[in-house]
Amino acid sequence: MSVKLHIKKGDTVCVLAGEDKGKTGEVLEVLVAKQRAIVKGVNMVSKSQKPNAQNPQGGIVKTEAPIHISNLNVVDPKSGKPTRIGRRKNEAGASVRYAKKSGEEIK
């Protein structure tokens, strides 16, 4: 079963809940099966890293953990505030996402 999500990779999103509430960041990856997304600079966790070619020292590395998409809202391109997303057909007949607050199309 394929689910249409309201966020895509590359979107700027605002966090609605959790310890990072109010922060904004770019979506790096969307995990569709788990309905989660990895957002740049949000939900940072410390992980122990064994020494490897990229990190010969090893040690503790800060990395982004996935956050549930229900806690994210796309930022309106016009106002810069979080907005809900709608879908409609454009002039070409293709389905596009638009911001409910301003009516602006989201690229």
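How much accessible surface does the protein chain have, and what percentage of it belongs to carbon and sulfur atoms? The total is about 7,300 Å², and 49% belongs to carbon and sulfur atoms (Shrake-Rupley method, 1.4 Å probe; for residues, only the protein chains shown count as cover).

The model is predicted, with local features requiring pLDDT of at least 70 and side-chain atom pairs pLDDT 80 or more, while totals for chains, interfaces and linings use all residues. Residues are numbered from 1 along each chain as its sequence is written, and side-chain values use heavy atoms, without hydrogens or water.

**Whole chain.** Begin with the protein chain in cartoon view: it has 11 strands and zero helices (DSSP runs numbered from the N terminus; strands are E, at least two residues, and helices H or I, at least four). Along the principal axes, its C-alpha atoms fill a box of roughly 55 × 30 × 25 Å. The radius of gyration is 17 Å, whereas a compact globule of 107 residues would have one near 13 Å (taken over C-alpha atoms; the rule is 2.2 Å times the number of residues to the power 0.38).

**Six-stranded sheet.** Next select the open sheet ordered β6-β3-β2-β1-β7-β8, with antiparallel pairing (two strands pair if DSSP finds at least two bridges between them). β6 (67–68) and β8 (82–83) each have a single partner strand, so one side of each is left without a neighbour in the sheet. At the β8 end, two bridges join β7 to β8; show V75 and its bridge partner in β8, P82.

**Nonpolar core.** Now display I7, V13, A37, V39, I67, L72 and V74, the residues with the most contacts inside the largest nonpolar core, which has 15 residues (buried Ala, Val, Leu, Ile, Met, Phe, Trp, Tyr and Cys joined through side-chain atoms within 4.5 Å; buried means under 20% relative accessible area, exposed over 50%, partly exposed in between, with a 1.4 Å probe and protein chains only). β1, β3 (36–39) and β7 (72–75) each give two or more residues to this core. Centre on V74: beyond its neighbours within four places in sequence, its contacts include I7, V13, I85 and I106 (heavy atoms within 4.5 Å).

**Three-stranded sheet.** Move to the open antiparallel sheet β9-β10-β11, whose edge strands are β9 (85–89) and β11 (105–106). β10 (residues 95–99) pairs with β11 over two bridges, and R97 has I106 as its bridge partner in β11.

**K8.** Finish at K8, in the segment before β1 (12–15). K8 touches R97, V27 and V30, not counting residues up to four places away in sequence. Its relative accessibility is 47%, so K8 counts as partly exposed.
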